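Welcome! Take a moment to look over the structure below, and then we can walk through it together, one question at a time.

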Amino acid sequence: MKSIATLLGLAPLVHAGLRFPCSTLTVQRLDPVVEPGALPAAHVHHIVGGNAFNASMEGDVGARFTCTTCQMADDGSNYWTAHLYFKDPDNGSYHRVPVIPVQPLLGGSQGAKGGLTVYYTQFDLSKDNLAQQKITAFKPGFRMTVGSPSETNKARTGLSYQCLNGQSRGREMSTFPTTPCTGGIFTTQHFPACWDGKNLDSPDHQSHMYNTKNSNGFLNAPACPASHPVRVPQVAYETVWDTTKFNGLWKSGQPNPFVWSFEGKADGSGTHADYLFGWKGDSLQRAMDKSECFYDGCGAITKQQMSVASQCQIPETVKEVTDGWLAHLPGRVPVA
Ligand SMILES: *[C@@H]1O[C@H](CO)[C@@H](O)[C@H](O)[C@H]1NC(C)=O
Ligand SMILES: *[C@@H]1O[C@H](CO)[C@@H](O)[C@H](O)[C@H]1NC(C)=O
């Protein structure tokens with residue numbers, strides 16, 4: 001068997017933080033962080049994680065969920081991003097882009113459906129941070145976002161696009177690929193690593209975190225400033241949007257025809273992601289306190305088969321069609 005390090009191009013194999021798949025939980029216009037209580041929220045999200053997810057989420061989510069689409073069975077957190085749509089260049093109709101699991105999936109993770117890959121990194125991809133600095137897990141009720149649908153600055157390290165072709169992920173770009181990708185479009189969103197130690201949220205859902213948007217979370221973040229002294233795990237999401245069936249409708253020379261569910265611009269600005277903590281008890285802290293979790297090795301942390309995780313479901317509370325050919329984006333999101 002090929003080693004994981006070989007598959008990932010990393011050497012040697014090391015243990016540093018968590019990386020695991022989560023299947024899709026639901027695709028709906030819901031956003032308990034930015035628009036709590038809104039039924040529906042403004043635009044469609046691709047949501048993974050625990051089944052306590054609903055339009056308004058307060059308190060200890062980790063104590064409430066009864067199943068999760070994530071491989072780590074104690075993780076009832078929710079992770080979501082805007083959904084990608086194809087906009088037909090000839091007639092302006094929209095079609096939801098399918099999501100496929102990020103490859104490689106390891107450690108009994110066959111059976112993942114769509115979804116995204118989540119990272120909780122302690123230092124970087126090859127070292128933990130235990131000798132340098134304690135990593136403090138998030139508290140019940142904690143939430144944060146990165147990016148914003150109204151963000152117009154596309155140049156943000158940590159929010160990136162890659163054009164998948166064969167085995168290659170291609171270079172990281174701040175914009176949507178401008179030519180068709182035979183393996184789909186890969187998006188990454190990194191969250192900041194420093195917390196103010198007091199607030200579970202803030203009015204903009206970002207200022208309780210130190211803005212480390214200039215660092216790529218797969219590298220160790222700089223030291224935390226006095227204003228945000230608490231070092232938290234570096235959370236990142238990776239998603240593969242299977243754009244391949246639309247490649248034939250993207251004629252040579254036409255601009256990139258993919259848009260986010262809030263429309264946005266093909267220059268990639270506006271990409272964003274939301275995180276809502278929901279690990280059971282001290283399970284995330286235990287994982288961060290030891291160099292025991294990485295890829296398919298995870299010591300004391302309980303894992304489940306992805307075929308089981310994928311069965312976790314929640315009801316459709318926003319009853320509307322979000323897939324198939326649509327004359328407008330759900331929510332009639334105005335064209336920017
Ligand atoms: C969400 O779930 C919580 C906890 O079960 C419940 O109290 C609340 O009413 C629900 N909110 C909505 C909008 O369904
Ligand atoms: C727009 O084009 C797509 C792709 O050819 C087609 O499937 C869809 O039905 C068209 N929509 C309308 C409203 O004509």
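This is a predicted model, in which local features need pLDDT of at least 70, side-chain atom pairs count only at pLDDT 80 or more, and totals for chains, interfaces and linings use all residues. Residues are numbered from 1 along each chain as its sequence is written, while chains are lettered from A and ligands numbered from 1 in the order in which they are written.

Q: Over how many bridges do strand E5 and E15 pair?
A: Helices (H or I, at least four residues) and strands (E, at least two) are DSSP runs, numbered from the N terminus. Two strands pair if DSSP finds at least two bridges between them. Strand E5 covers residues 84-87, and its Tyr85 stands opposite Val259 in E15. E5 and E15 pair in the antiparallel sense, and the number of bridges is three.

Q: Is strand E16 largely enclosed or open?
A: A residue is buried if 20 or more other C-beta atoms lie within 10 Å of its own, exposed if 12 or fewer, and partly exposed in between, with C-beta atoms placed from the backbone. In a regular strand the side chains alternate between the two faces of the sheet. In E16, His272, Asp274 and Leu276 are buried on one side, and Ala273 and Tyr275 are buried on the other. Because five of the five residues of E16 (residues 272-276) are buried, the strand is largely enclosed.

Q: Which residue of E16 is the bridge partner of Trp80?
A: Strand E9 (residues 143-147) pairs with E16 in the antiparallel sense over five bridges, and Gly147 stands opposite His272 there. Strand E4 (residues 78-82) also runs antiparallel to E16, joined by four bridges. The partner of Trp80 in E16 is Asp274.

Q: Which residues surround ligand 1?
A: A residue is near a molecule if its C-beta atom, placed from the backbone, lies within 6 Å of it. By class, this shell has one nonpolar, three polar and no charged residues. The residues are Gly37, Asn54, Ala55 and Ser56.

Q: Does Glu263 count as buried or exposed?
A: Most residues other than glycine have a negative phi, and most peptide bonds are trans. Glu263, in the loop between E15 and E16, has a positive phi of about 75° although it is not a glycine. Because Glu263 has 20 C-beta neighbours inside 10 Å, it counts as buried.

Q: Which peptide bond is cis, with omega near 10°?
A: Look in the loop between strand E2 (24-28) and strand E3 (45-49), where Pro40 is found. The cis bond is the one from Leu39 to Pro40.

Methods:
Ala, Val, Leu, Ile, Met, Phe, Trp, Tyr, Cys and Pro count as nonpolar, Asp, Glu, Lys and Arg as charged, and the others, Gly among them, as polar.
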